[in-house]
Amino acid sequence: MASHPLRDLTAIFLSLSLKDESDTRQLAEDLAAILKPGDLLCLSGDLGAGKSTFSRALIRNIAGDPDLEVPSPTFTLVQPYDLPRLPLAHFDLYRLEEPEELEELGLEEILEDSAALIEWPEMAEDLLPKSALWLQFRHGGDEDTRQVEFYFEDSEWENRISATLEVRAFLKAALKTGQICREHLAGDASLRTFEKVCAGDEHLVLMRWPFSDATLPETIGSYMDQVHLAKDCRAVAAIGGELRKIGLRAPAIKRADFDKGLVLSEFLGSETIVVDGKPVAERYFAAVDVLAAMHARKFPETVDLDTGETYQVPAYSADALVSEANLLLDWYLPEKTGTEASDQSRAEFEALWRGLLDGISEAQSGWVLRDFHSPNLLWQVGASGTDRIGLIDFQDTVIGPVAYDVASLLLDARTDIDPELENALFDAYLQKRKGLGQEVDPEAFKQAYVVMGAQRISKILGIFVRLARRDNKPAYLEHLPRMEGYLDRVMTAPILSDLKDWYQRHIG
């Protein structure tokens, strides 16, 4: 790891004036929002220039705990933080006697899966990695003002810093106040990022699409096209607006910049229909009411936006459904068997799926929100009727068999739904549809339900392995036994007998 200390970095990328400690804390939030494993922040400057204030704010933001005790590592030299969102190490090299002692502190190993920030980095001389971002803190013109200058050699920092400061500017323009807090919000498994934004008593959610069609890797962009995943945040405005029109609880948008991929929306809380990891029956029945209300309406294929643009809701085509099911072949099958799927087994698999999809081609079609399950269904305490369920993560809505969303809910990928509750919810859905004046053929709907359930489970088995192996998120493997149990359950349906035989022969 060879690099240069700050004195050799002559190009200043950016210089910011911080009028008080709140500005320093906001800068820490802005950088915390973009930190990832392998990042190193080097904090330079005189005593009292703001390095410790910045460090405490950044660590507390990543921890999601504004009261977290953040001791100075002056004597220990390094203080590790094993944080769920991002492991972090805080170094203070003031007492370092020789630069080579840095190797004994394990910085190189720490940066393999963590981020780090270093105060007094000059003590390490030329032993710090070139990828580091250097921040030079200086005293300003009065007691409270500070000046911070940004230096780096790795040009990737320029785009990342510009993007997070652009978010800050967007929030200031939207909220008309200087005191705005940004906090990481756990989101879905997509490329989108989410933040909880606080401005006084107002709480909002910022969704950021840090990609465009032009910036996506070709393989990812091609797959998104195949299965009709939204690449543009206009989908959020289009789908959410139509859901609100029929009285469903989708977040209202406060401000959006579609071209920059920023959407600031109402915060509907963080309480879902699951409590302590277990489904709450009352809440699942309320979610069934929402599905019945949706499926009793006909939604448009083209949505007019306030900007004068239109958004076309894509069809959930057979090609898209088969492409999704193929994720099982690409990821789950090799994980379970240690071998790749043969061309012949792939051809058989695809033929079976096309036959099944053709067999339910007459099933009711409508808007399919696609991820209608517990993480995206927010319980609204004190509300009544369909207002009890807040809807999020619906931007990938397509037009397809409505039974898909029923299967998504009743075979919830994130919590165990036992057969008794599943059957009760299925019956409640049919009764609710009947109560809304729509008679649904139970047998025909059941056939569409098990086919869509099997397709979704197959897709998710592949996605969870992909997240674990490709994206280094091994926690998703914990959900595999649940999905495998659901697959066994739906495979008892006669319509799936041939598919069941294929799974037994090729996966076991």
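Mentor: Before we begin, helices here are DSSP runs of H or I of at least four residues, numbered from the N terminus. Please also keep in mind that this is a predicted model.

Trainee: Understood. Which helix holds Glu103?
Mentor: Glu103 lies in helix H3.

Trainee: And is Glu103 buried or exposed?
Mentor: Glu103 counts as exposed, because its relative accessibility is 61% and the cut-off for exposed is over 50%.

Trainee: What gathers on the surface there?
Mentor: A patch of negative charge, whose residues include Glu103, Glu104, Glu108 and Asp113.

Trainee: Changing topic, where is Glu422?
Mentor: Glu422 is in helix H13, which covers residues 419-435. Glu422 counts as buried because its relative accessibility is 5%.

Trainee: Which side chains does Glu422 contact?
Mentor: The Glu422 side chain has a polar contact of 2.7 Å with the side chain of Tyr449. Another polar contact, also given as 2.7 Å, joins Glu422 to the side chain of Arg489.

Trainee: What about the backbone: which value does phi of Trp120 take?
Mentor: Phi of Trp120 is near 55°, a positive value in a residue other than glycine. Trp120 sits in the loop between strand S5 (115-119) and strand S6 (133-139).

Trainee: And Arg370, where is that found?
Mentor: Arg370 is in the loop between strand S17 (365-368) and strand S18 (377-379). Arg370 is not a glycine, yet its phi is positive, at about 85°.

Trainee: Is Arg370 buried or exposed?
Mentor: Arg370 counts as buried, because its relative accessibility is 3%.

Key:
Residues numbered from 1 in each chain as written. Predicted model: local features only at pLDDT ≥ 70, side-chain atom pairs only at ≥ 80, totals over all residues. Heavy atoms only, no water. Patch = residues over 30% accessible without salt bridge, like charges linked within 9 Å, V, L, I, M, F, W, Y side chains within 5 Å. Areas by Shrake-Rupley, 256 points an atom, 1.4 Å probe, with all protein chains shown as cover. Salt bridge = Lys/Arg side-chain N within 4 Å of Asp/Glu carboxyl O. Lys, Arg positive; Asp, Glu negative; His and termini not counted. Charge placed at Lys NZ, Arg CZ, Asp CG, Glu CD. Helix = DSSP H or I, 4+ residues; strand = E, 2+ residues; numbered from the N terminus. Buried < 20%, exposed > 50% of the residue type's maximum accessible area, 1.4 Å probe, protein only. Polar contact = N/O pair within 3.5 Å; in protein donor to acceptor, adjacent residues only side chain to side chain.
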